[in-house]
Amino acid sequence: MSATTMTLEETIAFLDRDFPQMNAGERAYHLEAVGPLSARMRLDGDERHLRPGGTVSGPAMMALADYALYAAILANIGPVGLTVTTSLSFNFLRKPGPGALFAECRLLKLGRRLAVGEVALRSAGSEDIVCHATGTYSIPPER
């Protein structure tokens, strides 16, 4: 695959229109790039994303990974809003400090009915992976 179906701007516009709850109050999730079978998203973690002890919470990391995978899939297949998560698996490897997290996503398989991808989450300024996630998504037959 040499290009995406939707541009970065088109993907952001779709996510903002169909999933405004992800950035309710103020924008926290920033889709930074989409490419063939890939996407990069940033979470500007603030107080609502922290757990006791001052680290970014597991649920915040899980949401970031799921949202980044969803964005990568849509950028590559087009605005198919009823594409849904069917499974997610997470390995929490290190405690992320407070602040921004980056999700680097790549799709391992993009078929007509299923997409499978993986995400590496890193804290700002670090190359260490804090969480590794894999996910499978069901794509509706009517595209």
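**Confidence.** I kept in mind that this is a predicted model. I looked up the chain average and found a pLDDT of 92, with 97% of the residues at 70 or above. I noted the lowest confidence in strand β3 (residues 50-51), where the mean is 70. Strand β8 (residues 129-138) has the highest, at 98.

**Hairpin.** Next I turned to strands β1 (residues 29-35) and β2 (residues 38-44), which pair antiparallel over 6 bridges. I found V34 opposite A39 of β2. The two strands make a hairpin with 2 residues between them, and I was pleased to spot L37 in the turn with a positive phi of about 60 degrees.

**Core.** Then I went to the largest nonpolar core, which has 37 residues. L15, M41, L64, V119 and L121 touch the most other members. Two or more residues each come from α1 (8-18), β1, β2, α2 (58-77), β6 (100-110), β7 (114-123) and β8. I saw that α2 gives the largest share, 13 residues. I also listed contacts of L15 beyond four places in sequence: P20, L31, Y67, Y70, A71 and L74.

**E118.** What does its side chain meet in polar contacts? I found the side chain of R106 at 2.6 Å and that of H132 at 3.0 Å. Beyond four places in sequence, E118 also touches other residues, including L69, L108 and A133.

Notes. Residues are numbered from 1 along each chain as its sequence is written. This is a predicted model: local features need pLDDT of at least 70, side-chain atom pairs count only at pLDDT 80 or more; totals for chains, interfaces and linings use all residues. Side-chain values use heavy atoms; hydrogens and water are left out. pLDDT is the predictor's confidence in each residue, from 0 to 100. Helices (H or I, at least four residues) and strands (E, at least two) are DSSP runs, numbered from the N terminus. Two strands pair if DSSP finds at least two bridges between them. A nonpolar core is a set of buried Ala, Val, Leu, Ile, Met, Phe, Trp, Tyr and Cys residues joined through side-chain atoms within 4.5 Å. Buried means under 20% relative accessible area, exposed over 50%, partly exposed in between (1.4 Å probe, protein chains only). Contact means heavy atoms within 4.5 Å. A polar contact is a pair of N or O atoms within 3.5 Å; within protein, one must be able to donate a hydrogen and the other to accept it, and residues adjacent in sequence count only if both atoms are side-chain atoms.
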